[in-house]
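Have the structure open while you read.

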Amino acid sequence: MNRLRRLLGFLLVVATVAGIVMVDRHDVRAPEGAAVANGVLSAFPQVSDSRRISSSWFCPGAAAGDGVTNAYVNISNPGETDLVASVSFMSADPIEQQPVIVKPRSRAQIEFLRGRTVGVVVPQVELVGTIGTVEQQLEFPGGDVTSQCAPDTSATWHFADGFTAEGSTERIVITNPYPDSAVVNMTYTTKEGSRNPANLQGLIVAPRSAKSLSMADLGARDEARLAVSVTATTGRVVASRIQHYIGLGRLGYSTTVGTPRALSQWWFTSGRTGAQVEELLIAYNPGDELSKVQVTFFGEGITNGLPIDEDNVAATPTQEIDVPAGSIVAINTADVADLPKGDHAMVVSSLNDVGLVVEHVLSQRTGGSSFTAVTNGLADGLVSNTWRLPSGLIGGALNAVTILNTSADAGTFSVSAYGPGGKVAIPGLENLPIGPASVASLNVPADAPVGEVVIESNVPVAVQRRMARNHGLVGFTIVGGLPVRPAR
Amino acid sequence: MPPVVATMVVHQPGDWFSETLQGLVDQDYPGLQFLFLLTGDATDPGNQPARDLIDTMVPDAVVRYVGGNPGYAASCNSVLNLVQGDGGLFCFLHDDVALAPRAVSALVEEMYRSNAGVVGPKLVHWQDPRRIQSVGIAVDRLGVEMPLADDGEVDQEQHDLVQDVFELSSACLMVRADLFRSVGGFNPQLATVGADLDLCWRVHLTGARVVIVPSAVARHRESMIERNEEDDAELHLQRDLVRLATVFTLTSRARLFVTSVEAIVVTLVHAVIVMVTGAPRRGLDELRALLTVPFSVGAIRRRRAAVSRSVTDAEIHALQVRGSAWMVGYLRRRDRRRGIEQAQAGLAGTKEVAPRSSIVLWSVLVAVLVLGSRDLLLNGPPNVGQFVVFRDGPGALFSSFMSGWWNSGFGQVGPVPTHVALTAAGGLATLGHMGLLRTLLIVGAPLAGWLGVWRFASVMTTRAARVAATLAYAAVPLAYTSIAAGRWGALATYALFPWLVHHSRRLVGHMPLMRGGLDAADEFGELGQREWRRTFALVALVAAALVAVEPGAIIALALLGVVWSVVTLLHGAQAQYSFRWAGIAALSLLAAIALNLPWSGSFVRSGWWEAVTGAPVEGGRQLGIGRLLRFEMGEYVFARPAILLVVPVIGAILVVRGSRLPWALRGAMLSFVGFLLVLLDDKALLPVHLPEPAVMLVPVAFGVAVCAGSMGAGLAVDLRGGRISWRQPLGLIVSVAFAIGLVPAAVNTVAGTWHQPGTTLTELLTQLPDQSESGDYRTLFVGDARVLPGSPLNLGYGIAYSVVNGREATIDDLSEVASTRTNDAGSRAVRGIIRGTTARAGRLLAPLGVRFVVVPIIDGGQSTRSRPIAEPRGLVDAMSRQLDFKRRYSSPDLAIFENSSWVPVSSLLTTSGAEASRSAGAESMIANDLTGATPVLPSLGASRDSSVRADAGTLHLAVPYTPKWKVEVGGADIPARPAFGLTNAYDITAPGTVRVSFETSLLARMMAIAMMVAWLAVAWLALPRRRRAARPSTTTVVTGETITFGGGQQ
């Protein structure tokens, strides 16, 4: 009996020890912590599909003395209830705030220069909940400008394209929306190379204020290539660029928030080549390593230099370009062999995975006039099945939206708009097919609702719009859509 | 021949009474008369059998009823009235004394031969007359008795010598009638014990002799204890009380001062020794008896005046034992025990460790504790981990407990945790010195745990088992690292768990093992009903106290119940004993929960598991099997050898045999299963998380101690004297490994602080402003649950948060509060930060009074510089994205952000803030900047009213909305309204004196009182009650005809 009991005891003990050994061999994953809150792409223009308590929008702002007639933030509320918002106006003066209620299925326009004649004002919009979206719109006699706003701040911002040639002006506006001062370093790069002027190191941006810096005044005068990097060593900021082009083939006004980080792939859907067109892809490498870049074009009749292959539907890159560390390389699409004239889409990829910042500059001469459209690339991680266009589309506009299927699968897409009755499909823009790596350009029916537009596809797509300049001016500006990121 | 009246006091005798009477009948002494004094009265039916027996067997006896039960001494004194004449002798007898046929004759002869005043027979055991019960008693100056023969000693005529003794047992003694009358008989106040010492001492004072007559023999059944309602412990106390009273009554005036000093010193020293060596109650009784003396001064003086002295002190001292009878008795018992042990060792192969090993063990343990805690004792433990400073005194804590407002985090209306009341009670015990209480609780907890193991290990009978078990439990680093990390829960579990197991095993019925028992079976027995009830009350009380401090300990108790139930069943014990383990564990848990009502009722809600076990650590703690095996839950140097302390777990199973094997298996399985669970939890592989490992490792450590104890018993019993086998070398190896495992504990005493940190999180937070400067505020701590003060609430993703009032946690904050709207709002805001769904968490937290947000990384407790717990990924970055957070401080230890939108806990809102407060939800907070509110009423508290002069406006209290917070302005009530859908607002229309108070409901007050009454009632049940027997009548007057010596009745 004693032996039996001892044996039983042993068996129990051995079983438990075996369990302990097995458990000890098991590895577990560390929890994710707050990593989600610090997404690497969080400062790129986008909207989230997840439920949010509030969303913040940091717009590029406007300079009161530049001849801007009106400066608005457009707050779109496609929802079914009032949207509560708060707009803060940041400048060199103390911050001011204004509560706003946006009615359901409508848009509110908040003028933010508010009679100022000098200085820069940067609007920041807080929206309660998930529904609303925000864009900035400037009325300018030389062409209206619609700009996207950034949904987050960042410690770094880059601008690949800059231009101060022949009296053109370029301002970098640094906004610090936080209650702590931010300390910022700026560098800029020209054809001659990178510069770190002492007066641009350790710039202090006061809490809840905006600081405007004229690149010409900072030593970058009369530069046809001017890339800028802004790095906050303390705090986080929003950096934007306000440009007025008046020389060397460029004409127009442009405001945009910067690119918060260098990436290895950028999408553009509204490219164009032609006789009166100069199309440049400005690639800026702010890092320390050389980046090897290829550009791939998409569009009707484009083979990227290869024979037509029914099976190989995805385009093949045609160019391989070195972008040395700390330098700017302008890729002129006119130099690309076999690229047909006309519209196309592009993707700029780094072959060695060294990040860079790419902007698209399209200058076109039409009759006696000309225009310049400068666009940030769409970040690769943000191509989405759903896109929102907060400012909507103008009825009857031609080629107003270009959509690139970034996948190798054929798909369909539909375009809807919000009107007084809610979301409605735009006639003729429902379930349209889109081939693999194909581009679709849309004409807007004349009777399309004027509210926010939603593009939904069953394949990942990239979307950019061509916005009218108004005031009877020819040409357009190019603005990206807002990709909808699925809930995480 | 002098006439003798044999006087027997009869009190509900048993079957043996006929033998008693037969002894009297068989006496050959011719002048013997019989007087029976029956307790109660003639109408008492219980007396009829005894009366019938007397009438039958001793028909010429005189029978009288004393009425009631005045006690033996008072009953005997009846002869002073009932028997006339001084020319005879009284022979007083218990009713369970059977005289040998010539006993009375021998006593009378020797009385005359020795010219003695009092004589007594040799008392032998009733069942076994070969064993001596008493041949007289020696007594020292302090009245401490030392029997001349050991009880049970085999009678080899070694004591058959007529001699003077100081005291004779009152069971049977013969006294001259004139002497008995002259000394006034027995002291009638002494109902149960001490009457014989008192009488004999007074006889000595008259110069008469007290002589033992071994040729007279009487069998004594000692059935008084069976028939007495008082238990053994009560008799000990009574004996001590009477002894000291007798000493102070009968010592001469000249010697009184010296004797008093002697009594104090000797009693104190002896009490301490007795307590340390495992009989704490005995020691306490001695102290209690000593402390009672001053209250008896009046009675002693009256008695002293009545005592006549005919002899000098020197003559009395010559009759007494020189020195201490305790010491002499101890030495004699020790020699006797050694002799027995040596004899047994020869027979059964047992060699017990020397008795001094207990003293050495406890001396070493106390020295280790004092030395290792010296800095804590001198300077107080720092505020690390859960070791919050007890700022409020007992009064404030009791008020807080009674208020029904739990000021933890954002506060809530509801029952205040029981531990607040317990701390208040502890504060009373230390006369309001809360710092002292805190230090004693922290430093004393290990000692309590060791004593618990010492008591528990008594089940294994041998001293070696107790020493080894206690040593093992003391050597595991759990207690020291819990002190280092500031873990109240772990420390309380370490201190109380062994006591719970000890008393639970008594309830189950486990009895101490037979020494040397070779059958591998348990020893079972049953407690008496009264003792069972008392023990269960004790278990309930200890479990309730433990649950009040560490609710997660219920898992440890459940583990014990389940594992030992299964092991007991598998080991072949009767199923009832197996199920009792589970049953007792379940019952004690239920009782603990019941005693913690109404607070424990707050656990009935969703999220109750986290409320019980604490916030989980997502992804597991990842301490690793090595640290867990070393019980290294905090800073500890030279820890690696401590892993050897678990070697006895394996060793015991292999080496131990006989009746010790079940305990070895129980200990091993408790250790293994407990450790497996801890390891699974460490890697987050369980479907639910467990309490912190420092709590769950207590059963493991206890299992190790049980194994070490059974190993110690095995070494003493199983491995001695048997034939040489693999067991002896294995036992030696295990012993050496265990000895090496003890070294780290010794090494860690050197620091003097158990490695508590020099700089704590609280100290780093002293840079935050005082609340009196800018109004009450709250601090939100976000990070890994292990480093957060207060009671963290888990948010998922490896992140938890806690909220404290001001800059450091208080005792209120140590338990997790139930969900309220404000808690939910706080959780939503923090989740918004960590999920990136808002950049305006500051505005969401503003109406909740949150001014600072702290991300602790190194708290000095569980996270140290040598072993930091990393900040949850990206947390500080996520904080940095908040548009209202100013970074106040940032270092590798912590990051502090200030919420620039904060509103003081009690404040007058700005106009826009007041307008915003009328709306609910995030809209009202995010879209409006509430800054600019004016602080009012600093130090808002539910247990006191606050008044302040204030302007008109909206008074905002950052508490969950409740109308129980009353605001009066100029005596007029201002109605409360919800603010922001969360908190309280009062619209004050005109300036005036604002008075804010909390209205405690009658129900809340009644429930708090009911809880305290329940605790007191259970404590009363649990403590050994001193049930006083009905005070005897001191002037017993027995009515009826008198008798005369040599004659009949008159």
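## Contacts along the chain

Take the contacts in chain B between residues at least 6 apart in sequence: 78% of them join residues at least 24 apart. Keep in mind that this is a predicted model.

## Chain B overall

In terms of secondary structure, chain B has 40 helices and 32 strands. Its C-alpha atoms fill a box of roughly 115 × 80 × 55 Å along the principal axes.

Of the 1050 residues in chain B, 60% are buried. The accessible surface of chain B is about 39,000 Å², and carbon and sulfur atoms account for 59% of that area.

## A helix pair: H19 and H20

Two packed helices are described by the angle between their axes and the distance between the axes. What are those values for H19 and H20 of chain B? Helix H19(B), residues 434-456, packs on helix H20(B), residues 463-475, at an angle of about 150°, and the axes are 8 Å apart. Since angles over 145 degrees count as roughly antiparallel, that makes H19(B) roughly antiparallel to H20(B). The crossing of the two, H19(B) and H20(B), is right-handed.

## Who touches whom

On the H19(B) side, the contact is made by B:Gly449, B:Trp450, B:Val453, B:Trp454 and B:Arg455. H20(B) brings in B:Arg466, B:Val467, B:Ala469, B:Thr470, B:Tyr473 and B:Ala474.

How do the residues of this contact divide into nonpolar, polar and charged? For H19(B) with H20(B), there are 7 nonpolar, 2 polar and 2 charged residues.

Note on methods
Residues are numbered from 1 along each chain as its sequence is written. Chains are lettered from A and ligands numbered from 1 in the order in which they are written. This is a predicted model: local features need pLDDT of at least 70, side-chain atom pairs count only at pLDDT 80 or more; totals for chains, interfaces and linings use all residues. Side-chain values use heavy atoms; hydrogens and water are left out. Axes are lines fitted to C-alpha atoms, for helices over the stretch in contact, and angles run from 0 to 180 degrees between N-to-C directions. Helices (H or I, at least four residues) and strands (E, at least two) are DSSP runs, numbered from the N terminus. Angles under 35 degrees count as roughly parallel, over 145 as roughly antiparallel, 65 to 115 as roughly perpendicular and the rest as oblique. A crossing is left-handed if the near helix is turned anticlockwise from the far one by less than a right angle, and right-handed if clockwise. Contact means heavy atoms within 4.5 Å. Ala, Val, Leu, Ile, Met, Phe, Trp, Tyr, Cys and Pro count as nonpolar, Asp, Glu, Lys and Arg as charged, and the others, Gly among them, as polar. Buried means under 20% relative accessible area, exposed over 50%, partly exposed in between (1.4 Å probe, protein chains only). Accessible areas come from the Shrake-Rupley method with a 1.4 Å probe; for residues, only the protein chains shown count as cover.
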